[in-house]
Amino acid sequence: MIRRWGTLALCAAALLPVTAGCVPQGPAPVDGFALRYEKPAAADRAEYRFLRDRAVADPVLADLNGHLVLPYGITVVARSCSGEGTGYDPAAHRIELCYEDLAEERALFERSGSPTSDEELAEVVRETLYHEAGHALVDVLDLPDKGARAEEDAADDFARLMLLRGRPEGEETLLTAARAYDLAAAAPAPAPEVPMDPEGLEEAEDEHAPPAARAEAHRCAVHAEAPTRHPSLATPSRATCAVTWPRTRDAWNRDLAPILRR
Ligand SMILES: [Zn+2]
């Protein structure tokens with residue numbers, strides 16, 4: 001998602017000293033994606049250790065930095081987010097990866113009666129990180145603003161593009177994420193979002209495609225890229241994926257051309 005930032009962005013932009021409500025920013029990376037962990041809230045310690053000890057995010061950042069040359073640094077901050085949710089902050093060039101989101105994903109799988117393995121949870125986190133990196137790349141490239149939903153779709157397409165660069169493990173990551181979206185689609189509707197600022201001026205809205213559509217788009221792309229490795233994905237409704245996905249992938253590659261690492 002891309003968050004509408006209130007106090008947090010103001011703290012970052014003004015470089016105010018750390019006070020209540022402000023998050024320590026730390027030095028920004030010179031260029032490329034860099035990872036930083038913040039001390040977790042007590043309830044999030046297990047998710048913090050999971051991310052850190054398994055180095056869940058590291059291969060994503062290495063992949064992005066190996067493929068792209070950015071004009072400035074983008075910090076991925078793993079932190080306790082107090083319920084705000086993982087998102088990209090364009091003002092601070094910063095992706096916030098929330099420890100709480102891992103617990104939510106794990107609970108989603110457990111409620112379905114099919115607990116997720118640690119590797120599957122790591123795959124869901126990596127897909128999320130590529131999605132947030134997609135938002136960051138829309139920002140870096142100053143791509144035309146076609147609306148919030150179009151940007152969410154573009155971020156999903158970027159995740160697919162990066163995960164399908166000829167690697168079977170990326171296909172598995174997308175298929176695991178698709179399963180998580182299936183579970184989200186089947187789950188009861190969440191309670192309305194809480195306003196992000198005390199005055200209720202900026203309501204958080206979910207601009208993503210519905211989870212079922214995101215799951216199907218992942219499977220469509222995997223089917224298009226690697227039909228022989230995933231014969232069970234070959235359904236009549238996906239007959240057009242071999243045309244539509246390459247078109248989407250190639251459009252992103254054209255946008256990325258100025259910043260591809262040579
Ligand atoms: Zn998004």
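## Salt bridges in a predicted model

R36, E38, R79, R94 and E96 join up in a network of salt bridges. Keep in mind that you're looking at a predicted model. Searching the whole structure turns up 21 salt bridges.

| Pair | N to O distance |
|---|---|
| R165 and D63 | 2.9 Å |
| E119 and R126 | 3.3 Å |
| R229 and E171 | 2.5 Å |

Let's start with R165 and D63, whose closest N and O atoms sit 2.9 Å apart. R165 is in the loop between α6 (148-163) and α7 (168-186), while D63 belongs to helix α3 (residues 58-67), so this pair ties together parts that are 102 residues apart in sequence. And how accessible are the two partners? R165 is partly exposed, at 34% relative accessibility. D63 is buried, with a relative accessible area of 14%.

Next up is the salt bridge between R229 and E171, at 2.5 Å from N to O. Where do these two residues lie? Is E171 buried or exposed? With a relative accessible area of 3%, E171 is buried, whereas R229 is partly exposed at 46%.

That leaves E119 and R126, where the closest N and O atoms are 3.3 Å apart. E119 has a relative accessible area of 35%, so it counts as partly exposed. R126 comes in at 17%, which is under the 20% cut-off, so R126 is buried.

Technical notes:
Residues are numbered from 1 along each chain as its sequence is written. This is a predicted model: local features need pLDDT of at least 70, side-chain atom pairs count only at pLDDT 80 or more; totals for chains, interfaces and linings use all residues. Side-chain values use heavy atoms; hydrogens and water are left out. A salt bridge is a side-chain nitrogen of Lys or Arg within 4 Å of a carboxyl oxygen of Asp or Glu. Helices (H or I, at least four residues) and strands (E, at least two) are DSSP runs, numbered from the N terminus. Buried means under 20% relative accessible area, exposed over 50%, partly exposed in between (1.4 Å probe, protein chains only).
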